Structures are given as C-alpha cells and as structure tokens.
Amino acid sequence: MRLNKVSLWTSALLVLGGCPQPPEEKPKLSAVSVTCTPTSVVAGEPSQCTASAADQSGKPFTVSGYTWTSSNESVATVDSTGKATTLTAGASTLSASATVDGITQQGQATLTVTPQPPRLSTVTVTCEPASVSAGRSSQCTASATDQYGKPFTVSGYTWTSSNESVATVGSTGRATTFSTGAATLRANATVGGVTQQGQAELTVTAAQPTLHSTPITADETWRAADNPHVVQGTLELGGASAPKLTLEAGVQLRFELDSELRVTTGALRALGTEEAPIHMTTNPIVSTKGYWRGVVFVGGGSTSEMNHVILNGCGRNTGESACIAMKSLAAPVLRHVTAQNSSTAGVAVADDGSAFGAESTTLNVSGSEGYAVLVSANQASTLPTGGTFTSNVSNAIKLQGNVSRSQTWPNLDIPYVVTAEIHVRDATTPPTLTLSSGTVLRFGSGSAFFVGSDTPGGLVVNGTATAPVVFTADSASPLPGHWKGVHLVYHSSSPSSISHAVIEYAGASGGLFWMGNGNLNLYGNDNDAGSLIKDVVVQRSSQSGLYTGFGGNFGPGSTQLTARHNGGYAISAQPNQVHTIPEGITLSDNARNVVEVREGNMLIAQTWPSRSYPYVITGWIELAAALTLSPGTEIRFGPVEGLISVGGDGIPGALIAMGTAEAPIRFVPDETPPTKGYWNGLHFYDAGGSRLDHVIVTHAGGTAAFGTGNVNVYREIGAFVTNSMFSDASGCGLTRSDGTRESTTLVTTDFTLATYNNTFVNNTGGAQCTN
C-alpha cells in the first residue's frame, strides 16, 4: 500500500506531539449586575445597592470601582458606595458602570419609593378677635397640617401665653385678658415624637370698667360682657330679702386698695368654669400682696358657692387677714378655688362653727405670707381634698380650738400645726378623731394633744408602714422637749388605737400635776381595755419615751413599740400597768434603756416577764395582790425610796419569784459600782403564798424601813425562801420580826438552816438577825 504525502506529514506530526492549539483568550469585562436591598422603601429610608462584574465566560471579574447614577434624583440619589437616599415617592433606576481596558459595561436596578405616612409638620394659630379690650375674652384656635400640606389631626394642644399679666390662655384656647399690652399665644402639639408650635399675637386695649360701690340689697348678675367689674371700698351683699349676687363665668372683679366683698345675709354665686374662671384681683393690675382685703362670708344658712375662682393680691391685714374668710357659722361651698399672693393667710375659718360647705373640693393656696389655711380643729374634716399648697411662708394648716364631734382629718400633703393645747372631748357625745395615713401634726413650743382630758374622747391613728402618722415639733431645727406630747386620758366607749405612728421631740415640763412627761402618755382606769399601741416609734423626748399613769394600760394586741434616743427612761410605768407592756419592744440609745416602775400600789395580780432589759423601781411599791416574776427577770432599785413591800396595811399580797439555777431572779441596786445599803430591800408582811427560790438579793439595807436586811420578814409565813443568795447588805442578809411591833408576829423560821440551801455573803450585820 502506498502512503501519500499528506498521510506521511500527519503521521510525522502525531509522532512529534499532536495538533497545534490556538493561543488562550484574555478575560475581559463583559457584564455588570446591580442589586438593591430593599428594592422598595418608604421615602426617607435608605437602600443599599451593590454591583458585581463578570467576564466573557461568566466568571467574576474584578474592577477597581463603579460610577453610580440615578435616573430620577428627585426620587432617590445614590453615592459612590451605592447607598441610595430616598426623597419622594416614585421610581428610579440606579445604575453602576465600570470601565476596564477601554471596555465599559453598565448594570442597573429599579428602586421603588413609597410615600411617607402623614406626620405633624406645622401648627397654625388664629385668635378671634385679635384685638380685645382688657377684661374681655378672645377665642384662639389651632390647626395642624402634615408634610403634604393636608389637615392633620392631633389629640390636643398645650397653650401658653408670653405675658400672663396681659392675657392667660386655657386648655381650649380661650384667652382671658387683664391689662393693656400684647401677648403671644402659643399652641404646641406633639405626635409621634415630633413637636410643632404655632402662635398668634393678641392685642389688649384699655376698657371702660363697671364700677360697684354701693351695698347690694337685691338680686344682681354681673356679666363677663361688662368686664372689668371694679369694687370700691367695702361692698356688702345682704339685706332683708337675702339677695343673690351671681357672677357669670369669665367675670373679672378688680378690687381697689383696701376694698372687700362682704357676704352677710345674702348669697354669692360665683359660677366660673375651668375654661372661663372668675378672676378676683387688684385694680390696677399690680403684683402687690395684700393690696385688697378679700371675700368675707358672715353667718350661716347661706347658699353661697364659689366655682373655679382665682383670687390674687388679697389678704390685707386691715380686714380678716385672709383672701377668703368665714365666720359666724358661715359654710360656703368652694369648688376649684385658688387663693394666691396673700399678705396673710390664704383662707381663714373662724373657730365658731364656720366650715367649708359640703361638696367643697380642690382648694389651692400659693404665695401666702402666712399659713395656707387657718381652720377650727372641730371643722378640719371639712377641708377640701384634691388641691395643692405651695410657696406659702407657712405651708401648713393651722388648727384652732378643740374637737367635740367625731371626724376624720384628711391628709392634704401639708402638715397641721397646733400652737396651743388641743383637746378631743365632749361630755354629751364623746367624739372620736381619726387621722388618715401619712398625716403630719406639728406642735408649737409648750403645746400638747389631749384625748379625753376631763370628759371622754377617742383617737384612731390609721398610719401604714409606708405612710405613718407623725406627731412632731413645729421647728426647722427641733430639739427634745419642744412640746408636751400626746396624752390619752379618758376613753370613750371605744378605746383609742395608734397604729404606725412616730411621736417625737416632746417631754416639755409644766401642766397639771398628773401629766406624764413622755412623747406618748397613757392614762385611764385599771379595769378598762387600754389603748391599742401597734408599730409606734417614740423618740427624742427630753424625758421618757412612753409614760403610763392612773390606769393607763396597753390594750390587747399592742406590739412593736420602739423607744429610742429619749433623754430619760425608755418607758415609765406605774406598778399596776407593767404587765400590760407588750412583747416586741425595742429600746435603743435612750439615756436609760430600761422600764422605770414608779412609786405606787399594785392592786392587780400579774406576771412580769423576763425581758432583755431590766425593770428599775424608783419608789416605794406596795403589793396588794400577787406579783409573779419569770425566771431570769432582773429588778433594779433606785436609792432611798426603792423597795417592795408585800401585804402591808392589812391588805394581803404575795411576791412569787421562782427562778432557776440557770436563770435566777435578781434584786440588785441601780448603781455601778454598787454600794451597801443603796436601796431598802424586800419587806414581807401579810404575804402568805410568797416564794423566793433561786433569787439573788444584794446591797440593800437602807434605813427607810424597820428592817435593814436584803430581805425583811415581819410575819411568820413559813420557809418561803430557798436556794437563794443574799449579799452585801448594810445590815443583815435577812431580818426576822420578834413580834413586838404593831402588825407583826414572831417569825421563828430559821432561813440559815442547811435544808433551805440559802447563802449569805459579806453582809455587815451577819447572815440573819432581828428587825
């Protein structure tokens, strides 16, 4: 077979390495793609666009950067990083172009921009009329539009005036004018965190006043259209026909220097509203406090009422020394009344049966140079609630007189001030005074608070843990002994109760002979239920924290008494009342953290529990009943008069002191270091049933009684002393009667016998001798 040349050439090529390959093509920019996230946004929101490039094979191609453009820059613009800023609703094509080696490619994406929801953009204010005479009103209105210029609804506007001496504006845009000048009235609205304000100018020109200077003896109506009404001198409303003066809403009364409106046998009906209050102020408009006297209500039976009335610049001391005064059984109804800038008190209610009328509410007093309110203690329950009291020199309610009817004093967030003694009592119908939680009573120097001092009365203090009732000193820098304290004396049929209260800075001396010297002082009779004392703090007295006398028992359920920082004994009690002292007592930082037991007779059988603090007997105590002492009890005795006499004067008694080896009962001197004969010992007369077991008696032997021993036995009552120790007497450890003295018998029991296991140590006169 013959091979041709072509075949040979092909074969040669195959042998040498195969067919020749064409040269490989260089990658080049072929396409640009653009994506935007998100592709649809609300105007004002951004979108981020990204671009990518590919070569002719569809593989990623790197470019150094892109040039970004927007087809509609009124809708959206785009920066060099592809971030799109949207402006208005519409659509725009966002393009990214790149050029590499002379080749330019472009990609694009469409961004859709939806409209923004309507938002508050502008507020417009108009006032009609825009110019008004002083004393007249103008009605201002506000409207809002959104960013598209369309009406926009807001829930309400906040109105303000640039010059309130010229005009004020209420919550509905009603402007009340006072004096000539101009004021800018503004309305603010806030929606969705956006606040806008509009304003309008109101011009106030001079007006011709309506003058009032003659007595009002027939019905009259004063109208806002005749503003301003000017009162000259003392304008009396009264007469045989009991005339009524009606003031329309929006009326302005201006009072000349030292003038006054006095309501006697007539009735004042001031019918202001929230949007159109009645203004009573000075003529001319000045900032002087006490420029005019005020409004005075005299006499009962009137139908007077004041609704939405503002009094300013009143309280001149030539009148009743208050912007509003009530006397001679007057009881007008005050609703939403404001008294401001008095040179004396805001409101004064005489202690003669005058009161705030039923349905009175929301009294506001500010800027007074005296007390916010002066009121009878017997009518304090009629004080209106819901008001405010601010910036008064004495931002308090001063109480006058006593309480003779049951009532509750409201907590008005300012204190009551008592400057003299106040008594809660009535012989015919015993009253109970209730104090609301959070109430504060401040007491002037030497004043006091008595409940039932000579006729019955009751006190109910309803404090809480978070809002206790506070009885304190009326002083910016109070000191112990500022006032005489709270005294619960003669109870009504329902015992008094004090829960969650603080009583402080009392202890002042003076007063009746029977008065205690504590912050809280309890009295009564030995058989009554006593006062419930629960969660009460008595502190910073100059003398005792709490004092009981003349049958002043703690009532059942009493607990959680705290006595601290007092200048005398934490508690001072008579013997008959000691057993009513409740558990749960805390004594701290008192001059004496003890219970003082004062001189007196114990007529009621009782037990004194062992406490974490001792009892200190400071006088001669006669036991005419059985006293039982719990194991571990410590009784200390004061000098000279300190002793216990059991069963004297023909009345039997008993002392039962049964300690244990681990918890003996101690009768010791109230002295450190102790001295022999410091106190007068234990004395047993008609004392059958007495027992002394595991007791320790030391340092007695004073000369105030016949016996000078630690224990002195005047009648034979058997071997009632066992397992006890007697030491350091100035006389003998124990003395026995020889029967020669009146009311005594021969005592033959030998208490030193080993069978009784008594110990006698360091007694000057020996272990046992005759008294």
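## Domain 3 against domain 4

Together, domain 3 and domain 4 bury about 1,500 Å², with 59% of it on carbon and sulfur atoms. Buried area here is the accessible area (1.4 Å probe) that two parts lose on being put together, summed over both. Asn378, Ile397 and Leu399 supply 35% of the area that domain 3 buries against domain 4, more than any other three residues.

The model is predicted: local features need pLDDT of at least 70, side-chain atom pairs count only at pLDDT 80 or more, and totals for chains, interfaces and linings use all residues. Residues are numbered from 1 along each chain as its sequence is written, and side-chain values use heavy atoms, with hydrogens and water left out.

## Contacts across the interface

In this interface, 19 residues of domain 3 are in contact with 17 residues of domain 4. Contact means heavy atoms within 4.5 Å. Eleven residue pairs are in polar contact between the two domains (both at pLDDT 80 or more). A polar contact is a pair of N or O atoms within 3.5 Å; within protein, one must be able to donate a hydrogen and the other to accept it, and residues adjacent in sequence count only if both atoms are side-chain atoms. The count of salt bridges between domain 3 and domain 4 is zero. A salt bridge needs a side-chain nitrogen of Lys or Arg within 4 Å of a carboxyl oxygen of Asp or Glu.

Strand 34 (371-376) and strand 36 (394-400) each supply at least two residues of the side of domain 3 that touches domain 4. Strand 36 gives the largest share of that side, six residues. Strands (E, at least two residues) are DSSP runs, numbered from the N terminus.

## Domain layout

The chain is assigned domain 1 (29-114), domain 2 (120-205), domain 3 (210-401), domain 4 (402-597) and domain 5 (599-770). These bounds come from an automatic or database domain assignment. The centres of domain 3 and domain 4, taken over C-alpha atoms, are separated by 37 Å.

Five strands form an open sheet with parallel pairing, in the order 55-58-61-64-67. Strand 55 (606-608) and strand 67 (721-722) stand at the edges, each with a single partner strand, so one side of each is left without a neighbour in the sheet. Two strands pair if DSSP finds at least two bridges between them. Strand 55 pairs with strand 58 (residues 626-629) in the parallel sense, over three bridges. Gln606 has Leu627 as its bridge partner in strand 58.

Note on methods: Helix = DSSP H or I, 4+ residues; strand = E, 2+ residues; numbered from the N terminus.
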